[in-house]
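Visitor: Hi! Could you walk me through this one?
Guide: Happy to, here it is.

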Amino acid sequence: MFSSELIKKFEATPTPFYYYDTELLRKTLAQATAAARKHDIEVHYALKANANENILKIIQGYGVGADCVSVNEVLRARECGFAPGKIVFAGVGKSDEEISIAVNEGIFCFNCESLEEIEIIDGIAAKHKKKAQIALRINPNVNAHTHHYITTGLEENKFGINMWEMEKVLDAVKKCKHISLIGLHFHIGSQITDMNVYKTLCLRVNEIQQWFADRNIYVPNLNLGGGLGIDYYNPDKNAIVDFDKYFGIFRQFLKLNPGQKLHTEPGRALVAQCGALIAKTLYVKKGIQSNFIILDAGMTELIRPALYQSYHKIENITSHAKETLKYDVVGPICESSDCFGKAIDLPETKRGDLLALRSAGAYGESMSLDYNLRDRAKSYLTEDL
Ligand SMILES: *Cc1c(COP(=O)(O)O)cnc(C)c1O
C-alpha cells in the first residue's frame, strides 16, 4: 500500500494523520456497485463508518444512497451531494428536532425502532403537513456471531421492534395518517465474516415476510442492513471483499414479493481497507515482558482496539532493521486500554520511526475523541500529498 515515494511524503507530514488510498476506495466502490447492479440491489452507504466529506463526495459519485444514524449525518450527506430520496435514517433514539429536520428534508425513509417513535414521527409529520415514509426495523433474533458490543439483532439488544409486539405496532401504524409503511428493515451486527449468518438472516426474513403476508401486508422495500466484515489480518491480500458472493446470498435465499426492491447498507466493507492511521514513534521503553513502542497516536484517534479488543495490523514502514523484536504498541493516553497490540513482531524500532495501523478507514476517524484535550488528527487523500 505504501510506495517509497509515498513514505517520503509521510515523513514530511506532521503526525498522527489518517491516510486514505483513494485508488483502492474507487476500486472497492466500482466492484461493490457493479455487483449491486448485477443482483439488482440498492446500496446505502452507512455514514457512521466514515463521514469524512472528501470520502463522502467520492462515494456519492458512484450513485449509492446514504444510511444515517443522526440528523447531522443526514445533513452531511445532503451537503456531499446525496439526494434526499436516497437517504434512510435509522437509530433507536431520534430526537423530535432530528425527526422534524429530516421530515422537512424529505428523506426516503425513517427506519423506526419502537411503537412510540412511530407515533411521534406521525405527529411531527402532521405538524409539517407532510407524509413521512417509514420502515419497521425488526429485531429478527439472529445471532451475528461477532463481538457482543457490535451484535444488534438479538432480543437482549436495544435495537428494533420484536415480533411479539408487531400486532400492536401494526394497529398503531393503521391509525397514523401522516406516515406510510414502505419497508421492513433488519441490521443484526457488524464485522460479520461468516456467510452462514446471512443465510440464517435471509431464512428468518422469509418467515417474517410470511407473517406479514398472512395479514395481507406487502411492503415494497426490504432492507437487510449492513455488517459485512473485512479481513483485518490480510489487508493487502484481501483488500476488497467479495461483494458478488455477499449479494448473491441474498438473491439465493431471500424470497421477495413481486416487485419488491432489495436494499443493503454496507459501511465498513466500503471504506475500512482504504484507510491507515500513520503515527510516529515517540519513545521505545523497556518493560519486563516486552518493550513498549509509545506512539503519538492512541485510542483518541483509533478506539477500536480499546473498545472492542479488535485487531489492526501494525507495520513499521520506515525501519530497515533486519532483526525482529516483540513490542507492545501503545498510545500516549492516560488509560491502560490505550494499547494497539501486545507482543507484536516488528523490525527493531527507534524513536522517529513511522508505524501504520492498517484497515483504519472505518470507525477510525469517525469515532475519534478529544479526550485528554488532544488535537484532532488531520486526514489526507492520496491526491492531497
Ligand atoms: C452500523 C450500521 C450499518 C453499517 O454497518 P457496517 O458493519 O459498517 O457495514 C448499517 N445499518 C445500520 C442500521 C447500522 O447501524
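Visitor: How far is a polar side-chain atom of S190 from an oxygen atom of the ligand?
Guide: That distance is 2.3 Å, and a polar contact here is a pair of N or O atoms within 3.5 Å. This is a predicted model, where local features need pLDDT of at least 70, side-chain atom pairs count only at pLDDT 80 or more, and totals for chains, interfaces and linings use all residues. Residues are numbered from 1 along each chain as its sequence is written, and side-chain values use heavy atoms, with hydrogens and water left out.

Visitor: And what about K48?
Guide: One of its polar side-chain atoms lies 2.7 Å from a ligand oxygen. R268 uses a polar backbone atom, 2.8 Å from an oxygen atom of the ligand.

Visitor: How much of the ligand's accessible area does the protein cover?
Guide: The protein covers 95% of the 390 Å² that the ligand has on its own (Shrake-Rupley method, 1.4 Å probe).

Visitor: How many residues surround the ligand?
Guide: There are 14, and K48, S190, E265, R268 and Y363 are the closest; a residue counts if one of its heavy atoms lies within 4 Å.

Visitor: Is C112 buried or exposed?
Guide: C112 is buried, at 0% relative accessible area (buried means under 20%, exposed over 50%, partly exposed in between; 1.4 Å probe, protein chains only). C80 also counts as buried, at 4%.

How values were computed. A polar contact is a pair of N or O atoms within 3.5 Å; within protein, one must be able to donate a hydrogen and the other to accept it, and residues adjacent in sequence count only if both atoms are side-chain atoms.
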